[in-house]
2 protein chains.
Amino acid sequence: MKQSKYDEMDGIFHPGKVAIIGASPVADIATLALLKTKIKNNVYFINPKYTEIFGRKCYSSVLDIKEPIDYAIIGVNANLVPRIVGECIQRGIRAAHIFTSGFSETGSPEGHALEKELRDVAAGKIRIIGPNCFGIYCPRSGLAIVPESSEVEGNVGVIAQSGSVAESFSYFGKTKNLHFSKVVSYGNAADLDCPDFLEYMADDPQTKVIALYIEGSKNGKRLHEALRYAACRKPVIAVKGGLTDNGNRVARSHTGQLTGTPAVWETLFRQCGVIQVSNHDELVNTVAAFSHSPLPCGNRVSLVSNSGGFSVIQTDLCAAEGMAVPPFGEKTLDRLRQLVPRAGTSIGNPLDAWPIFYKVFQKEGSLSDIIKVVAEDDNIDTLVFMFDQFRYIRRARKHEAIDHMNLVIGMMLEGSCYCRDVLGKPVFLSVALDPFLDDDEDRKGNLLLKNAFEQNGFPVYPASDISIRALSRLYKYAAQTGKAI
Amino acid sequence: MKQSKYDEMDGIFHPGKVAIIGASPVADIATLALLKTKIKNNVYFINPKYTEIFGRKCYSSVLDIKEPIDYAIIGVNANLVPRIVGECIQRGIRAAHIFTSGFSETGSPEGHALEKELRDVAAGKIRIIGPNCFGIYCPRSGLAIVPESSEVEGNVGVIAQSGSVAESFSYFGKTKNLHFSKVVSYGNAADLDCPDFLEYMADDPQTKVIALYIEGSKNGKRLHEALRYAACRKPVIAVKGGLTDNGNRVARSHTGQLTGTPAVWETLFRQCGVIQVSNHDELVNTVAAFSHSPLPCGNRVSLVSNSGGFSVIQTDLCAAEGMAVPPFGEKTLDRLRQLVPRAGTSIGNPLDAWPIFYKVFQKEGSLSDIIKVVAEDDNIDTLVFMFDQFRYIRRARKHEAIDHMNLVIGMMLEGSCYCRDVLGKPVFLSVALDPFLDDDEDRKGNLLLKNAFEQNGFPVYPASDISIRALSRLYKYAAQTGKAI
């Protein structure tokens, strides 16, 4: 995008001083969020009902503030919004996020009229994000959507028409091992729209991968150009909400957008090189793969497992997702036959060999050596661990289970770092963990492994089908951009 | 099946006295499992290496035990198995579970020869489960696969060729809210095979739904007959492991079975009325729906949600799974307009209306009233909650969040019990919970809801796509058996 437009957008995401208009001491999410970040001393409260909020002065109008304000967050009654935006313009504020709902998304004539009035007031004098949205989360500047947002900066950019999708990304970032460059929820898009954010994040050096949740568009041609512009520069992963008749109906009443048939959207995404996924969880899991992993050079996977039955299911799943689980080369098999105990194991790909998780005491032929042998096979592009072994380790090693687990983790990491950093092959880890598991000891042992791999920058997922699907998107992108065969 | 065959099978699952041959005090999973159940005082240990295990006498041979033994669990070196089985026959034991691997699944001539020798020894004189399997878990008799198996009896029967699939069902039963009539892992099926277990569980009055994991079969015609016999009597949910070329290769080396093309299996399952699912998680989640829910009378769902964006995604997902999310009738809309606060909500189906979770203090027009109104709509066959609200309740109600949550739970239950027990319509609950969530307070609040619904016999899932998929299988079965339109 043009430098002047880029600078304008970058300014919006990195304001110096922020006014919260309609601030409240009672469960006001924007106030609570901003008071927890580095921006907290540059936040001004405006609400004629209060003279003080959380011990700080509260102004009755934005016009009363002397300092120059860059950005306004507006959470007042919908009918008041046009007048308040007029005051922001008068005060010289360059951008406003309008939290308030009750505009075109209601489908009512009044709602449409109010949104038109807002547009007319704003016209060229102030940039608007919203209305009916959660606005911006940007760890670098301190803008935040929820009080629980992490302050750690990352490489993921999120553009979401839905407030709760943006909220969910912000809230669950740490849990999902995602850190963000910037997240924006833009709602009804009365002014700034998806293409503006796409072009900005495409040029933003901090953003490595873009996640997009979109329900509809006001200008198909402009969206097409912006999607192509962004997808040429970095991976763009997208969910189109409202693909079906009923979903469409719901989307119209949610953000009031024109929608389109599923085929139109699929063609649009394909033509632009955007990776389309079908729901929010897939979006999150795919983005995590792009955020944390190098691209694979091909679709050939080695599965390292501890169960025959699950190996079979996982191999089928790989095939269904376009990934192959080829036999190992003869050299690998020879080396594995030396290293892997035979009884109850299957020395092949998948390597279904629980005893290897007990080879942690010897220096030669240990678990990490076995991982390196598998990683070095020329038939293999990516290594995928299916770890479901902690409860077995607990049974076998009892009160020494955690110590044993730490040895296992060290050796898995040693082999995995060799695979990724020396051989340049991706490593994915699934730690099978049920959300409803009520055995805290079991949770703890599994989370030790998960945390260690996350800290070392590997993508980690809680189930094998999730990791295989995320990897397959990574491979498809690599193939599509000529980085894999 | 014939009464005599039924009695024989029922006897195998409910033995009086059990011998563990090859018992060991060191991490022997069968020993540890059986010593935790009601059968513990009827277990005999056999191992010439020991005279005592866990303070009890250990015999050097099964021939030394004076009491009549009904069932043997054999975990000795593969080469010794035929001789040990001979001794069991000599001792008058009617059935043996052979844990040991190293038979036909190795693919080696020696393995095949050993399995043939085993069959020749057993021929008609003793029934064999296995080899290369985990055997039986039956809460009523006390047979168990893992030390963590629950002793609570349930209505789910599991037949799994894979030991780890059966182990996983046994271990995760409590977490997955599944309780079992019986679980069997039958491995290489040298004698008793999948059809024997299918016919038995089809006639077993304790079993309401049958979960099947199968990799291959020795006798297609017999399997066809048994699948049809069982599926005519109760829902049979099946995963075929090894549907793809590579998966097939892995399955052959896992349990040494002849397999077949995916189309052959799909046709077989369809002809017999078996519900085929594609992986283990789907098997577990589908079985839970059949175990806990009445059948729906149609495919029309109402979603009760607290997010617009996620409502759109979930509506699309319903359509993709053959479920409809129709608009409410006019009468319902009128009643909801009286009860549901308007701002930021969408009064329609999905009901995207977070403020209803705060209507817990009034007697009239409360959350439970709103649920009842939705449930009573003639256009709706099933009610699905998408609960993702606890973190919002925490922000709003702070240290009173758990108290508030308990009020919400009480009202959700009141409405849901009315829907299921008075109106006869299924209720499904998703409590969005990430396995890797490290916020214990958030986990606790969500698990309160999950536990309360489970205790009241509702199916509960940790993500909305999982609940919709499980419900869609339930609906398809209802439609296929003429119980729904």
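Trainee: Which residue ranges does the domain assignment give for chain A?

Mentor: Keep in mind that we're looking at a predicted model. The assignment gives two ranges for chain A: domain 1 is 3–290 and domain 2 is 295–481.

Trainee: And how many residues does each domain put into the contact?

Mentor: For a bit of scale, the C-alpha centres of domain 1 of chain A and domain 2 of chain A lie 39 Å apart. The contact itself takes 14 residues from domain 1 of chain A and 13 residues from domain 2 of chain A.

Trainee: What share of the area buried between domain 1 and domain 2 of chain A is on carbon and sulfur atoms?

Mentor: Start with the total: these two domains of chain A bury about 1,100 Å² between them. The share on carbon and sulfur atoms is 57%.

Trainee: Which residue forms a salt bridge with A:E282?

Mentor: Across the interface of domain 1 and domain 2 of chain A, the rule finds one salt bridge. For A:E282, the closest N and O atoms of the pair are 2.2 Å apart, and that counts because the cut-off is 4 Å. The partner of A:E282 is A:R473.

Trainee: Which element gives the most to the side of domain 1 of chain A that touches domain 2 of chain A?

Mentor: Both β13 (275–276) and α10 (280–292) of chain A supply at least two residues each to that side of domain 1. With six residues, the one that gives the most is α10(A).

Key. Residues numbered from 1 in each chain as written. Chains lettered and ligands numbered in written order. Predicted model: local features only at pLDDT ≥ 70, side-chain atom pairs only at ≥ 80, totals over all residues. Heavy atoms only, no water. Domains from an automatic or database assignment. Contact = heavy atoms within 4.5 Å. Buried area = accessible area lost by both parts, 1.4 Å probe. Salt bridge = Lys/Arg side-chain N within 4 Å of Asp/Glu carboxyl O. Helix = DSSP H or I, 4+ residues; strand = E, 2+ residues; numbered from the N terminus.
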